[in-house]
Amino acid sequence: MLKKTTALAVILLLAGCGKATESKAPGADGAKAAPDEAGRTSGYNPDRNAYFGDLHIHTRSSFDAYIFNVRRTADDAYRFALGETIQHPSGFDMTIAGGPLDFYTVTDHAEYLGILPAMNTPGTKLSELPAAKQMFSADPDVILSSFQKVGTSVREGQPIAEMYDLDTINSVWAENVAAADKYYQPGKFTTFAAYEYTSVRSDIDEEGFGGGNLHRNVFFKGAAPPKAFSTLDSSNPEDLWDWMDEQRANGMEAIAIPHNSNVSNGQMFRLQTYLGEPLDSAYAEQRMRNEPLVEVTQVKGTSETHPDLSPNDEWADFEIYEELLGSYALSAVTGSYVREAYRNGLKLQETEGFDPFHFGLVAASDSHVAGGAYAENDYWSKVGIVDGTPVARGSVPFPGTTSWDEQPDNQIVNNANHWFSRWSASGLTGVWAEENTREAIFDAFRRKETFATTGPRMKVRFFGGFGYSDDMLTSADLAHQAYADGVPMGGDLVGTGDTPAFLVWAQRDPNAGTLQRVQVVKVTSDGEEVIDVACDNGTPDPSTGRCTDNGSSVDMASCTPVNTGANELKAIWRDPAFDASRRATYYVRVLENPSCRWSTWEAMRNGTPPRPDVPQTIQERAYTSPIWYIPGN
């Protein structure tokens, strides 16, 4: 899992671990929203509302959180999402940027769930193990060696017999399920029982593949089973899908969402099964039944595309993170990014009759401190004490130095250079659902009416249809018409022989930056194209397909954006190169005007120059799930 980290970080584990915070009932009075006579909550909207949430959160029960001094519980995580303040392992307060979220999900690692807290609790059976004495030794090297055994066990899918206490694991899983039920407030705040399946390819095959992240988060629509299937049951995700099919047959609906394909070493979207067999229609059907969504951006980078795969996309280099988990080795690019997977899915559909990559997009933080850091100007990374300060994150020079050219060669600096300085303040999932309930939001996941943002809560609509007209844009019931005459993001648009029109509609987050442009990304089996379709300063230049320069910049002395920008952008767009006989995948990317990256904010506050080897500014963005055009008969 991790290379040898700084001794300082490990020593800090032994001091001031803190107590779990006393939990309170959900909301100020714990009240639930009463449904109306039709069973609908007060916010019900047949044309659907945008709801925002984080689908990837860890607490003290995850082995790789507790070891880094995380002591916050699932209750604390939900309190954070509801707007309460909780404490970071480094001692400072964390309060969610932008106000309470609409949904939130604790996804602790199923492997050794709750085991480390039990090992560190006097009087438990696990606390008497020799491994417990080593894990919480006074010697940092002994702690590290003991923890690395856990990481090796997870990577190899082989349990450590003395630590693999299923009674404890299942009990903590039941506690997490109960916490999700406790904080669920239909109509106000939605939670799901969920966990992370932590598969990693530790083998290297003859083609050089292996060592890649194959993690998934597993979500239950309602009831959850008494035991979570983990990589200690099987490291093969296809076995996870079999188990999920069994749960579904028993009335427990579930989906899994893969994440960090960017560090999968080409494994996540590889054109073979886990065991190296050719893909077939049964594989594609099972994968899409169980994995209709992919997490495209989070703290450990963005997985949309890569400059090597999309050399003509000027924005393809956004928050690229390429090092394998816990390693300084680079991940393979091919097979690791979403846009390439869309293209390969179309190739397989055209040549073999199936598409295993027909998925929508979501985003999350992957915070391991119970609360996500979504704002560039209020960032705390994800791990715990190891990355809990600007020095540890590498955004300011190491103490005793003033220049980036004179940084010492030590583990803190090396880990910051390779990992923490390249991580991101990302992200959040947006869904379009009739109401804020488990049923409505999960159904949105199923139909892929979802979009991903890198942190801001910008709202994005995307529809395709054959009856859309330009004058729709001024209609008071635009969304209603769009649903009636077409399909939303996540849908299949079946051809009629005519050229379809696409409706794009983006609204800024009032607490974030203004919008610069809306783009449509078109993918076919043999290529891709990025087209600007709406601009904050007029219409795109027809000769270039690009918005003209709007002169937007950032005052680097204060991190103040210098621009006007748009609060809303919308357009009807028709593909001038449309071919009614060919399949195509279309999705929307929305770009804000430039703003300071988190590392620049921290350098400015410290009075030191920004780190030179990472971008000083970024353009926050959103990605919609695609609309797939399918030729008619």
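Where does R597 lie? R597 lies in the loop between strand 24 (595-596) and helix 15 (598-606). The model is predicted, and what follows describes that model.

Start with R597 itself. Its relative accessible area is 2%, so R597 is buried, given that the cut-off for buried is under 20%. The side chain of R597 makes a polar contact with the side chain of E319, at 3.0 Å. E319 is also among the residues that R597 touches, leaving aside residues up to four places away in sequence. That list also holds E376, S421, R422 and W423. V614, P615, Q616, T617 and I618 complete the list.

Now turn to the aromatic rings. How many aromatic pairs does a search of the whole structure find? The search finds 37 aromatic pairs. One of them joins W173 and Y195: the ring centres are 5.5 Å apart and the planes stand at 85°, so this pair is edge-to-face. The angle decides the label, because planes over 60 degrees apart count as edge-to-face. W173 belongs to helix 7 (residues 166-183). Y195 belongs to strand 6 (residues 193-197). The pair therefore ties together parts that are 22 residues apart in sequence.

A second pair to look at is F269 with F357. Their ring centres lie 5.7 Å apart and their planes meet at 75°, so this pair is also edge-to-face. The pair links distant parts of the chain, 88 residues apart. F269 sits in the loop between strand 8 (254-258) and helix 9 (281-290). F357 sits in the loop between helix 10 (338-352) and strand 11 (360-363). F269 has a relative accessible area of 2% and is buried. F357 is buried as well, with a relative accessible area of 1%.

Aromatic residues also gather in a group. Y78, F80, Y104, Y183, F189 and W380 form one aromatic cluster.

Finally, look at arginines placed over rings. Which ring does the charged end of R438 sit over? The charged end of R438 sits over the ring of Y184, 4.4 Å from the ring centre.

Terms used:
Residues numbered from 1 in each chain as written. Predicted model: local features only at pLDDT ≥ 70, side-chain atom pairs only at ≥ 80, totals over all residues. Heavy atoms only, no water. Phe/Tyr/Trp six-rings, centres within 6.5 Å; stacked < 30°, edge-to-face > 60°. Helix = DSSP H or I, 4+ residues; strand = E, 2+ residues; numbered from the N terminus. Buried < 20%, exposed > 50% of the residue type's maximum accessible area, 1.4 Å probe, protein only. Lys NZ or Arg CZ within 6 Å of the ring centre and 35° of its normal. Polar contact = N/O pair within 3.5 Å; in protein donor to acceptor, adjacent residues only side chain to side chain. Contact = heavy atoms within 4.5 Å.
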